[in-house]
Amino acid sequence: RSLAAVTRFIAKNFFGAGGYAFGSSASGFLQFTSLGVLDYTSTYKIPLNKFVKLGVKMDSSNGCTFYADGQKVAYVAGASPCGLEPTSTLTFGCRINAGRVLSEGFNGLIKSLHIFNTGLSDIEMMNFHTLGKVSRDNLVGEWLVDDGGGSTAYNTSIQLNHATLSGTTWTNSRAVAIRQVVGANLVKNGDLSHIPVVNTPTTG
C-alpha cells in the first residue's frame, strides 16, 4: 500500500535498545536492522499492491541474505551480531521505540510470519515458497493469521507463543499463487490472483 517511511513487518527489541527489525527502508527497499548496530539495506525494492513472500537470514559472518518469492535477491555484509535482550518483545507490523510507543508501522497486509532458529538454504527457501513445505524441526514461530477475526494470532509451531493483535483490522483480500503444470511439474508462474478466501489482518 505505502512504503514512504521506514516500516517494520516484524521486530524484536526492548524499548528501542538492541534487537532486530525486518521491514522496508524509507525508500521502499527491503531492510533488516540490527538495532543500534547497522541497517542492512538491500537493493531489492518491494513492489506495491501485490503479495510477496519476503525473507532474510543472517549468517555466521553477520551478513544478511534477502529473499523475495523464494529467490535470493540481495546480500549485505555486516560485522557485528544482533544484541538481543532476554526480555525483548516480539511485535508484528511495527516496533517499540525508546519511549515505549509502537512506531514504524507497516501500512499493508500480512498473510503469515515464520521464524526459524537456523538459516534455511537457498533450496529450502525456494521449496518453502513454491510448495509451502519445510522441515519444522527448527521452526520456532509460525503465525498464519488466517483466523478471520478476533484479537489473537495463533502460533502453530511447538512454541505456542500466541500474539495479541492491536490496532489491526481484518480484510478478506488474500493472495493465491497461480500455478501451472510444466514438464509434469507444478510450478508458480509469478502471477497472483486476489480472491476473498479468508480474512487477513492489515496494519496501519
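# Salt bridges, rings and cysteines

Biologist: Does Lys72 count as buried or exposed?

Modeller: Lys72 counts as exposed, because its relative accessibility is 51%. Buried means under 20% relative accessible area, exposed over 50%, and partly exposed in between, with a 1.4 Å probe and protein chains only.

Biologist: What kind of model is this?

Modeller: This is a predicted model, in which local features need pLDDT of at least 70 and side-chain atom pairs count only at pLDDT 80 or more, while totals for chains, interfaces and linings use all residues. Residues are numbered from 1 along each chain as its sequence is written, and side-chain values use heavy atoms, with hydrogens and water left out.

Biologist: Back to Lys72. Which residue forms a salt bridge with Lys72?

Modeller: Asp122 does, with the closest N and O atoms 3.5 Å apart. A salt bridge here is a side-chain nitrogen of Lys or Arg within 4 Å of a carboxyl oxygen of Asp or Glu.

Biologist: Where in the chain are Asp122 and Lys72?

Modeller: Asp122 is in helix H1 (residues 122-131) and Lys72 is in strand S7 (residues 71-76). The pair links distant parts of the chain, 50 residues apart. Helices (H or I, at least four residues) and strands (E, at least two) are DSSP runs, numbered from the N terminus.

Biologist: How many salt bridges does the count come to?

Modeller: The count comes to 4 salt bridges. One of them joins the side chains of Arg8 and Glu104 at 2.6 Å, N to O.

Biologist: Where do Arg8 and Glu104 lie?

Modeller: Arg8 lies in strand S1 (residues 7-14), and Glu104 in the loop between strand S10 (102-103) and strand S11 (108-109). These parts are 96 residues apart in sequence, so the pair ties them together. Arg8 is buried, with a relative accessible area of 4%, whereas Glu104 is partly exposed at 25%.

Biologist: Which residue forms a salt bridge with Arg95?

Modeller: Glu104, with the closest N and O atoms 2.9 Å apart. Arg95 counts as buried at 13% relative accessibility. Arg8, Arg95 and Glu104 are linked in a network of salt bridges.

Biologist: What joins the side chains of Arg8 and Thr33?

Modeller: A polar contact of 2.9 Å. That term covers a pair of N or O atoms within 3.5 Å; within protein, one must be able to donate a hydrogen and the other to accept it, and residues adjacent in sequence count only if both atoms are side-chain atoms.

Biologist: Which residues is Arg8 in contact with, leaving aside its neighbours within four places in sequence?

Modeller: Contact means heavy atoms within 4.5 Å. The residues in contact with Arg8 include Ala21, Phe22, Gln31, Leu35, Gly93, Cys94 and Phe106.

Biologist: New topic, rings. How many aromatic pairs does the structure hold?

Modeller: The structure holds 6 aromatic pairs. Rings of Phe, Tyr and Trp (its six-membered ring) pair if their centres lie within 6.5 Å; planes under 30 degrees apart count as stacked, over 60 as edge-to-face and the rest as tilted. Among the pairs, Tyr20 and Phe32 are stacked, at 5.9 Å centre to centre and 20 degrees between the planes.

Biologist: Where do Tyr20 and Phe32 lie?

Modeller: Tyr20 lies in strand S2 (residues 17-24) and Phe32 in strand S3 (residues 29-34), so the pair ties together parts that are 12 residues apart in sequence. Both Tyr20 and Phe32 are buried.

Biologist: What about the rings of Phe92 and Trp143?

Modeller: Their centres are 4.9 Å apart and their planes are at 65 degrees, so the pair is edge-to-face. Phe92 lies in strand S8 (residues 89-92) and Trp143 in strand S13 (residues 139-143), so this pair ties together parts 51 residues apart in sequence. Both Phe92 and Trp143 are buried.

Biologist: Which residues do ring pairs link into a cluster?

Modeller: Phe9, Phe22 and Phe106.

Biologist: Now cysteines. How many disulfides does the structure hold?

Modeller: The number is 0. A disulfide is counted when a pair of cysteine sulfur atoms lies within 2.5 Å.

Biologist: Last one. What does the secondary structure of the chain come to?

Modeller: The chain has 1 helix and 19 strands. Of its 204 residues, 36% count as buried.
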